[in-house]
Amino acid sequence: MTPTVRPPRPEDFPAIVALGEAFDRALTGTGDWSVEDVAHDWRELADPESDAWLLEDDGAVVGYATFQDDGEGTFESDGYVHPDRFGRGIGATIVGLTEARAAERLSAVELPRVVLQNAVLHSDAAARALLEGRGYRPVRHFLRMQIDMDGP
């Protein structure tokens, strides 16, 4: 399967939220995506036409990714694959897109060291294997902890 890749548009935000919710629920059992959060993240991109990708297959959103350059030597990419499409090469396509964008941006950077970071959920062994197979290595781990409150 070769997905269609294009920049997302604001009217795609609900479909991106649905993808993110499905992704998070499949890997963590919870989800907290909102259209407002996606819109905020999208507005923070330097160039949404070049720094965000929507991947579609037969009209269904199957992947989403963003790229950011902090201007201080760190490129950050963030990508999501719909769980119904795990194992079909969409994650590899996303990594290829973000690495190509990093290569483009690298020509404008005059710093002695630049890194490309990807965040991976601990429970996503396939994503870790994909990235490690491309030369990435774990640097740090973060845990999100929560409690459901039953009162004030």
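1. The model under discussion is a predicted one. In it, strand S4 and strand S5 (residues 115-118) run parallel and are joined by 4 bridges. Across this pairing, Glu76 stands opposite Gln117 in S5.

2. The strands form an open sheet of 5, in the order S1-S2-S3-S4-S5, and the pairing is mixed. Its edges are strand S1 (4-6) and S5, each of which pairs on one side only. On average, neighbouring strands of this sheet are turned by 20° against each other, direction ignored.

3. Helix H4 on the sheet. Helix H4 packs on the sheet and touches S1, S2, S3, S4 and S5. The direction of H4 makes about 25° with that of S3.

4. The antiparallel pairs. S1 and S2 run antiparallel and are joined by 3 bridges, with Arg6 standing opposite Leu54 in S2. Strand S3 (residues 60-69) and strand S4 (residues 74-81) also pair in the antiparallel sense, over 7 bridges. Within that pairing, Tyr80 in S4 is the bridge partner of Tyr64. The hairpin of S3 and S4 has 4 residues between the strands, and Gly71 takes a positive phi there, near 75°.

5. Helix H1. The buried residues of H1 include Phe13, Ile16, Val17, Leu19, Phe23 and Leu27. Gly20, Glu21, Ala22 and Asp24 are buried as well. The buried residues of this helix pack against helix H2 (35-43), strand S2 (52-57), S3 and S4. After H1 comes Gly29, whose phi is positive, near 85°.

6. Ser77. The side chain of Ser77 makes a polar contact of 2.4 Å with that of Asn118. Leaving aside residues up to four places away in sequence, Ser77 touches Thr66, Phe67, Thr98, Leu116, Gln117, Asn118 and Ala119.

7. Thr66. This residue is found in strand S3. Thr66 is buried because its relative accessible area is 12%, again under 20%. When residues up to four places away in sequence are not counted, the contacts of Thr66 include Leu45, Asp51, Ala52 and Trp53. Glu76, Ser77, Asp78 and Thr98 are also among the residues that Thr66 touches.

8. Leu97. Leu97 lies in helix H4. With a relative accessible area of 22%, Leu97 is partly exposed. Not counting residues up to four places away in sequence, Leu97 touches Val5, Trp53 and Leu55. The C-alpha atom of Leu97 is separated by 25 Å from that of Phe142, a residue 45 residues apart from Leu97 along the chain.

Methods. Residues are numbered from 1 along each chain as its sequence is written. This is a predicted model: local features need pLDDT of at least 70, side-chain atom pairs count only at pLDDT 80 or more; totals for chains, interfaces and linings use all residues. Side-chain values use heavy atoms; hydrogens and water are left out. Two strands pair if DSSP finds at least two bridges between them. Helices (H or I, at least four residues) and strands (E, at least two) are DSSP runs, numbered from the N terminus. Buried means under 20% relative accessible area, exposed over 50%, partly exposed in between (1.4 Å probe, protein chains only). Contact means heavy atoms within 4.5 Å. Axes are lines fitted to C-alpha atoms, for helices over the stretch in contact, and angles run from 0 to 180 degrees between N-to-C directions. A polar contact is a pair of N or O atoms within 3.5 Å; within protein, one must be able to donate a hydrogen and the other to accept it, and residues adjacent in sequence count only if both atoms are side-chain atoms.
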